[in-house]
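The sequence and structure come first.

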Amino acid sequence: MDDKHYSRRDFLAMAGVGGLVFASSLPGCASTGASAGAGYGDFSFVQLTDIHWGYGNPKVNPDTRGTLTRALAAVNALEQKPDFVVFTGDLTQTTDDPKVRRQRLREFQDMSRSLNVPVRYFAGEHDASLDRGEAYLEVFGGALNYTFEYKGIHFIVLDNISDPAPILGAKQVAWLKDDLAKQRADQPIVVLTHRPLFAMYPQWDWATRDGQQAIDLLMPFKNVTVFYGHVHHEHHFNTGHIQHHASKAVMFPLSPVGTMSNKTQLPWNGAKPYDGLGWRTVRATASGAAQQMREHNIG
Amino acid sequence: MRYLIGRCAAGVLTVAGAAALYINAMAADVPGAPAQRIEITATKFAFEPKEIRVKKGTRVTIALKSPDFVHGFSLPDFNVRADGIPGKTVEITFVADKAGKFIYLCDNFCGEDHDKMTAFLIVTES
């Protein structure tokens, strides 16, 4: 089986092969029929994260342009075309120069337009912390936090990066509270955000200081899953029944949580190019079957 | 996370953007603990000094200067964090009650080399 050709069963089958793929129940698994909402159906989306367009350390990645091109081509080549792609932040490598920031954002935007499915974006701290999202909003429009509905799932994009602190902030927490007040208790919810909402490892700045407030607000909902980036390696964690899943990065891998005294960009492995880089397919199935995710490698 | 008090000459700080009001540290109120004051300067993109050493049980006061940005000072293993304030010295007091090597970092995103703003506290056995 390769990345282009996999069946619905592969998601499930690979779940039993330790380390190859992580599969788990996602929102919707407990919600069937009418309770899942009208229009609920079988679909998939792709998570691409931490593109860091403009990154320039050849010892870590000597093929920066090629890496993104490979990832985009692999998504386009999926036999089962995803319904959409979401980029979960750090689209660009940060720069103190506002002109270069805009240039990188536009270049990345142009590159991403080669995708043959609809695309959603939101920012990471590299894109938006230094100007509180000004350049990002100028290029991409929209908002830094927003919601959308897709086939019965309520998607919530949270901004935990535009304040350098980094926080969600009282205003956004109130916005989230208002939004959730409109949802049924059995509404499947997917949260998309850049940083981990939980205190994954504050020693490496892998946290959202007030993220627990969002988790507390989400806790009454039975089916909640969070997809995020920022940590540049695959990671899975539960806060109560809420699942949090970090994807591999597109541009460079970071040392897994707590394995070194300091956060470290892992050097390029000439014997295994693109090692540690990847992206993710998330599959939402109809009729109450478990939803799963599949991790893809670049290279 | 338990937040420790950040003090400056003008009194208790309020910090824009950081939803933290620093609360007095019970851990700092250990009778008889030896005291040590350490000056740390945070600038883009490094702490100076890059390593500080204290003995276990020391009541440590960090005097934080942050002239060019509201850098964060975060020492998660002791539940200590504060924001530096340009033009002021922020004091943070805690008791180094366990031995080991502990990272401290800027946790306010400050620019291109933000990730390099890390340093270490070494706590040795008495």
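## Overall make-up of chain A

In this predicted model, 72% of the contacts in chain A with a separation of 6 or more are between residues 24 or more positions apart. Chain A has seven helices and eleven strands. Of its 299 residues, 49% are buried.

## The six-strand sheet

One open sheet of chain A is built from six strands in the order 4-5-6-7-9-8, with mixed pairing. Its edges are strand 4 and strand 8 (235-239) of chain A; each has a single partner strand, so one side of each is left without a neighbour in the sheet. From one strand to the next, the twist averages 20°.

Both kinds of pairing involve strand 5 of chain A. With strand 4 (residues 146-150) of chain A, strand 5 of chain A pairs in the antiparallel sense over five bridges. The bridge partner of Y150(A) is I153(A) in strand 5 of chain A. The hairpin formed by strand 4 and strand 5 of chain A has two residues between the strands, and K151(A) takes a positive phi near 45° there. With strand 6 of chain A, strand 5 of chain A pairs in the parallel sense over four bridges. Across this pairing, H154(A) stands opposite I189(A) in strand 6 of chain A, and V157(A) stands opposite L192(A) in strand 6 of chain A.

## Burial of strand 5

Five of the five residues of strand 5 (residues 153-157) of chain A are buried, so this strand is largely enclosed by the rest of the structure. In a regular strand, side chains alternate between the two faces of the sheet. In strand 5 of chain A, I153(A), F155(A) and V157(A) point one way, while H154(A) and I156(A) point the other way, and all are buried.

Strand 6 of chain A includes I189(A). Is I189(A) buried or exposed? I189(A) has 22 other C-beta atoms within 10 Å; a residue counts as buried if 20 or more lie within that distance, so I189(A) is buried. I189(A) and V157(A) are 32 residues apart in sequence, and their C-alpha atoms are 11 Å apart in space.

## Helix 7

Helix 7 (residues 211-218) of chain A has G211(A), Q213(A), A214(A) and L218(A) as buried residues. These four cover an arc of only 160° around the axis, which puts them on the same side of helix 7 of chain A. The cover over the buried residues of helix 7 of chain A includes helix 6 (170-181), strand 6 (189-192), strand 7 (224-228) and strand 9 (242-246) of chain A.

## The five-strand sheet

A further open sheet of chain A has five strands in the order 3-2-1-10-11, and its pairing is mixed. Strand 3 (119-122) and strand 11 (292-297) of chain A are the edge strands, as each pairs on one side only. The twist averages 20° from one strand to the next.

Strand 10 (residues 278-284) and strand 11 of chain A pair in the antiparallel sense over six bridges. R283(A) has Q292(A), in strand 11 of chain A, as its bridge partner.

In soluble globular proteins, nonpolar side chains tend to be buried together. Here the largest nonpolar core has 66 residues, and those with the most contacts inside it are L48(A), I51(A), A71(A), L91(A), V191(A), L192(A) and V250(A). Helix 2 (residues 64-76) of chain A gives the largest share of this core, five residues. Apart from it lies another core of 29 residues, including I40(B), V60(B), L64(B) and F94(B).

What does L91(A) touch? Leaving out residues up to four places away in sequence, L91(A) touches I51(A), W53(A), L105(A), F108(A), Y121(A), A123(A), G124(A) and D127(A).

## Contact between chains A and B

The contact takes 21 residues from chain A and 16 residues from chain B. On the side of chain B that touches chain A, the largest share, three residues, comes from strand 10 (residues 100-105) of chain B. By class, that side of chain B has seven nonpolar, five polar and four charged residues.

Terms used:
Residues numbered from 1 in each chain as written. Chains lettered and ligands numbered in written order. Predicted model: local features only at pLDDT ≥ 70, side-chain atom pairs only at ≥ 80, totals over all residues. Contact = placed C-beta atoms within 7 Å. Nonpolar A, V, L, I, M, F, W, Y, C, P; charged D, E, K, R; others polar. Buried ≥ 20, exposed ≤ 12 C-beta atoms within 10 Å, placed from the backbone. Arc of directions from axis to C-beta. Core = buried A, V, L, I, M, F, W, Y, C linked by C-beta atoms within 7 Å. Pairing = 2+ DSSP bridges. Axes fitted to C-alpha atoms, helices over the stretch in contact; angles between N-to-C directions.
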